[in-house]
Amino acid sequence: MIGILLLIPLITAVLCYFAKSRKCIEYINLVSAAVLAIVSLFPISTSLSTPIFFLENMLFMDALSSYIMSILIFVSFVAAIYSVDYMGHEFDEGMINIKELRYFYALLHLFIFTMTLSIASNNIVILWMAIEGTTVVSSLLVGFYKDRASVEAAWKYIILCTVSLIFGLFGIFIVYYASAAVSGGEGTLNWTELRDIAHSMNPKTMKLALIFILVGFGAKAGFAPIHNWLPDAHSQAPTPISALLSGVLIKCAFLGIIRFVILGNESLGTSYCGRLLLIFGLLSMGIATAFILLQNNYKRLLAYSSIEHIGIIAIGMGIGGFWGIYGSLLHMLNHSIVKPLLFFTTGWVRLKYHTTEIDKVKGAITVLPVAGTVMLLGVFALAGSPPFNIFLSEYTILKAAVDKGNWVTFSLFILFATITFGGVIRHFGSMAFGKPSIAISLSACCRTAQAGHEKEKWGEHRMSLIIIIVMAVIMLVLGLYIPGFLNEMLNNSVKVITGD
Amino acid sequence: MKNWFDLLYVIDFISVGILLTAVVMNALKRLESCVRAYIFNSWFLSILIFFVAVKTGNPHLYVAASLTLATKGILMPIFLSKMVRQIKATHFVEPYLSNSLSLTIAGILVAIVYTSLREGILVTGFSVHILKISIAVILIGLFIMITRRKAITQVLGLLFMENGLFLAGFSLTFGMPIIVELGILFDMLMGVIILGVFIVQIRRNFSSVDLDSLTTLHD
């Protein structure tokens, strides 16, 4: 079952690369996204209760990886649908040609393949190889437009992440050495076997290994102070890719960190990793807050907000206990719904206004009624206001902090979250309200003057508007009520992390 | 044959050769000489793995040695020379620090690694020095990446780091399952090819491969 899940994006990537016409590529893309979503239901539902293995134990899925896999499948499904409209619009305007379109879709599905491989791997070196693979593939996507800013962003991204992952691999080698020292001979590279012998691994060796792994994989997840690639890469990439990068890739890297933190907790007790994660999380939140206030580019603002939210996820995991981990995992899902939603709506803003500067965008609600309103709702959700989903998961994490008596974390969290609330809403509010500039309203006017053009526009981009509305509804529902299957998935994942 | 190895400390000599080619990178002024230092480094690495294979008699280490030679010793230098020729770089490396200062700092890095790893992880096996040498090569690679101005020398620093990492992995684990080594080599090869693609893009967009010109994105 895992094999089919991996083969589908791979085959789609090859097919998209050799397809001839634009319609053909888009149909392959949509069909494959739908098939992947349907097929993935089987391994996800079976691995909730018992883990499933594949390829001589090198790949596996348990409750935790099925949870993250469902996040990946959801975001890649909506991103595939959205890119049909978005890249189609860019193709119609002549900004990209057919060869680049083919290239984009092939790389998109290759990117989805590497992320699926990183979630489904049992062998810790295959996990590393898949994450390095995501770096290599997504850097091609970040530098997609091949202008000065994109090339610089892609160069920074690939150099910083590859160097950090080299340190991460060194940490993995040390973990293997520790496992070899336990059995006195051959060590093991499989995570399930490592977890069984983790309590007898040498604590000092594990401490050293964990520092390398936290720094290495943490750079990929977006922890400050090694976050410098993130604003550039997430803002220069095409919009569907930014959604995938912010929505899934940083969660995949964080999954790698969780796997090693589980090993570290068995060997060292929960306080060492917990303290390190708290430090990185609070630092990320603080630095992101500072930079959000002084932003003038809305895509960079969303990227810094991703850094802040991965900091919140790290804080939740660092606090530990049932509710801390539950809140952190729930926050992964909630952020993966809100952030791609915001990238999608601001993607329409960018296509309409042809600029990414906050100062130059005014009156988005009048020019783009559906997308602008959903953008404003999404921004309230992102900033953490009720009744949306992010409020619920942040509240859970704060409750866990209070239960454990972590008053420093609690107060710093609230301070940073409040400042960010103000900053984000101010910037996006100035974009949503106000009078649109003369040029934009003239072009909207001219469109309505031409007969039927307005209706034609609604029909063309209907698919992406529908998924934006669907995502907004999910965002609202999850803020009020957690459905039974989600609760069961979360409970099983927490059980995996804290050890049965 | 095995006694001959132990008598002449062949393996130690080769590992010191790996370290010296990394240190000498700091002193080289021309881009082609830096690529040549990398070629020597990779060949020493492959020969080291080959000698360990002969000494322990482990068959899959022979495969590992030949794979390393093929990718790092032959494919990568061909790709690097092609890239140097294609971007028509001026032949001089432009460092931020003078050559003698960076040589001194590289030496200090090696000394730091040797003194701080006196206790702690000791490798059971054929030599205790190889882990220290590999960490020193990783650090020297990182140092080269930080203090050089051209994009190609950053790629070379990355390649040295990768060699050091490979040696560290080899010394800590005695050759992992072959698919793992294959995968790591393939990943790094892909990474370096993509980096080469981007160097061409940088040259096209910025009309130079000087990384100081990459200042478009900032806050």
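1. Helix axes here are lines fitted to C-alpha atoms, for helices over the stretch in contact, and angles run from 0 to 180 degrees between N-to-C directions. Helices (H or I, at least four residues) and strands (E, at least two) are DSSP runs, numbered from the N terminus. With those terms, helix α16 (residues 389-404) and helix α20 (residues 462-480) of chain A have axes that come within 7 Å and cross at roughly 35 degrees.

2. On the source: this is a predicted model, in which local features need pLDDT of at least 70 and side-chain atom pairs count only at pLDDT 80 or more, while totals for chains, interfaces and linings use all residues. Residues are numbered from 1 along each chain as its sequence is written, and chains are lettered from A and ligands numbered from 1 in the order in which they are written.

3. Two residues are in contact if their C-beta atoms, placed from the backbone, lie within 7 Å. On that basis, N389(A), F391(A) and L392(A) of α16(A) meet M475(A), L478(A) and G479(A) of α20(A). This contact has four nonpolar, two polar and no charged residues. The classes are as follows: Ala, Val, Leu, Ile, Met, Phe, Trp, Tyr, Cys and Pro count as nonpolar, Asp, Glu, Lys and Arg as charged, and the others, Gly among them, as polar.

4. The interface between the chains involves 34 residues of chain A and 28 residues of chain B. On the chain A side, α5 (124-142) and α6 (148-183) each supply at least two residues. The most comes from α6(A), with 18 residues. By class, this side of chain A has 23 nonpolar, five polar and six charged residues.

5. How do α5(A) and α8(B) (residues 178-206) cross, and how far apart are their axes? The axes come within 10 Å and cross at roughly 15 degrees. The two helices are therefore roughly parallel to each other; angles under 35 degrees count as roughly parallel, over 145 as roughly antiparallel, 65 to 115 as roughly perpendicular and the rest as oblique. The crossing is left-handed, a term for a near helix turned anticlockwise from the far one by less than a right angle, with right-handed used if clockwise.

6. The residues of α5(A) that meet α8(B) include V125(A), I126(A), M129(A), G133(A) and V136(A). Among their counterparts in α8(B) are V180(B), G183(B), I184(B), D187(B) and M190(B). By class, the contact of α5(A) with α8(B) has nine nonpolar, four polar and two charged residues.

7. A residue is buried if 20 or more other C-beta atoms lie within 10 Å of its own, exposed if 12 or fewer, and partly exposed in between, with C-beta atoms placed from the backbone. Of the 19 residues of α5(A), 18 are buried. The length of this helix also agrees with expectation: its 19 residues should span 27 Å at 1.5 Å a residue, and its end C-alpha atoms are 27 Å apart. The expected span is 1.5 Å times one less than the number of residues.

8. Chain B has eight helices and zero strands. Of its 219 residues, 41% count as buried. Among the contacts in chain B with a separation of 6 or more, 75% are between residues 24 or more positions apart.

9. Two residues of chain A illustrate its contacts. I71(A), in helix α3 (residues 63-92), counts as buried because 21 C-beta neighbours lie inside 10 Å. Not counting residues up to four places away in sequence, I71(A) touches V248(A), K251(A), M332(A), L333(A) and S336(A). R22(A), in helix α2 (residues 22-46), is partly exposed with 17 such neighbours. Leaving aside neighbours within four places in sequence, R22(A) is in contact with F91(A), I98(A) and L101(A). The C-alpha atoms of R22(A) and M332(A) are separated by 34 Å.

10. Backbone points to check in chain A. The peptide bond from A224(A) to P225(A) is cis, with omega near 0 degrees, and P225(A) lies in the loop between α8 (203-221) and α9 (229-236). P386(A) and P387(A) are also joined by a cis peptide bond, with omega about 0 degrees; P387(A) lies in the loop between α15 (369-383) and α16.

11. Where do K146(A) and H354(A) lie? K146(A) is in the loop between α5 and α6 of chain A; its phi is near 55 degrees, a positive value in a residue other than glycine. H354(A) is in the loop between α13 (321-353) and α14 (364-367) of chain A, and has a positive phi of about 60 degrees although it is not a glycine. K146(A) is partly exposed, with 13 other C-beta atoms within 10 Å, whereas H354(A) counts as exposed with 11 C-beta neighbours inside 10 Å.
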